[in-house]
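Please open the model in your viewer and keep the selection panel at hand.

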Amino acid sequence: MMRELPPEGEAPEARLKRLKMRSMRRGIKEMDLILGRFADDVLPGMSPEEVALYDMMLSENDHDLYGWVSGQKPTPETYLALVTRIAAHQSEVMGN
């Protein structure tokens, strides 16, 4: 799979804006909603390292991401803490 690389020298504000747009415009509606809310609520408070990992994760296949967040598929170790955080946020948003 080809990974999208962030523009070189991208300002932090521009990166957050780009990531929010990529979070809301996914391939499947469920991920639009889950990641869009997460990006709005959590992304601005994340460390630069966490943002970089989130950016990398957005290059993954939507069906894989949905499987990880929903617990239907095992999450790769690289993304485990982040996906756990996204799933917890989704559960919180849904009132579960």
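Predicted model: local features only at pLDDT ≥ 70, side-chain atom pairs only at ≥ 80, totals over all residues.

Residues are numbered from 1 along each chain as its sequence is written, and side-chain values use heavy atoms, with hydrogens and water left out.

**Stop 1: helix H2**

Select residues 29-41, which form helix H2. Helices here are DSSP runs of H or I with at least four residues, numbered from the N terminus. H2 comprises 13 residues and spans 18 Å from its first C-alpha to its last, close to the 18 Å expected at 1.5 Å a residue; the expected span is 1.5 Å times one less than the number of residues. Next, colour Met31, Asp32, Ile34, Leu35, Gly36, Phe38 and Ala39, the buried residues of H2. Buried means under 20% relative accessible area, exposed over 50%, and partly exposed in between (1.4 Å probe, protein chains only). The cover over these buried residues includes H1, H3, H4 and H5.

**Stop 2: leucine 35**

Within H2, select leucine 35. Leucine 35 is buried, with a relative accessible area of 0%. Apart from residues up to four places away in sequence, leucine 35 touches Ser23, Arg26, Tyr54, Met57, Leu58, Leu65 and Ile86; contact means heavy atoms within 4.5 Å.

**Stop 3**

Axes are lines fitted to C-alpha atoms over the stretch in contact, and angles run from 0 to 180 degrees between N-to-C directions.

To display the contact, show Ile34, Leu35, Arg37, Phe38 and Asp41 from H2, together with Leu82, Arg85, Ile86, His89, Gln90, Val93 and Met94 from H5. These contact residues divide into seven nonpolar, two polar and three charged.

**Stop 4: two residues of H5**

Select glutamine 90 in helix H5. Glutamine 90 is buried, with a relative accessible area of 14%. Beyond its neighbours within four places in sequence, glutamine 90 is in contact with Ile34 and Arg37.

Move to alanine 88, also in helix H5. Alanine 88 is partly exposed, at a relative accessible area of 45%. Its C-alpha lies 9.0 Å from that of valine 69, although alanine 88 and valine 69 are 19 residues apart in sequence.

**Stop 5: helix H4 and tyrosine 66**

Select residues 62-70, helix H4, and pick out tyrosine 66. Is tyrosine 66 buried or partly exposed? Tyrosine 66 is partly exposed, with a relative accessible area of 29%. Not counting residues up to four places away in sequence, tyrosine 66 touches Ile28, Glu30, Met31, Ile34 and Gln72.

**Stop 6: helix H3**

Finally, select residues 48-57, helix H3, where Val51, Tyr54, Asp55 and Met57 are buried. These residues cover an arc of only 160° around the axis, which puts them on the same side of H3; the arc is that of the directions from the helix axis to the C-beta atoms. The buried residues of H3 pack against H1 (12-24), H2, H4 and H5.

Key: Nonpolar A, V, L, I, M, F, W, Y, C, P; charged D, E, K, R; others polar.
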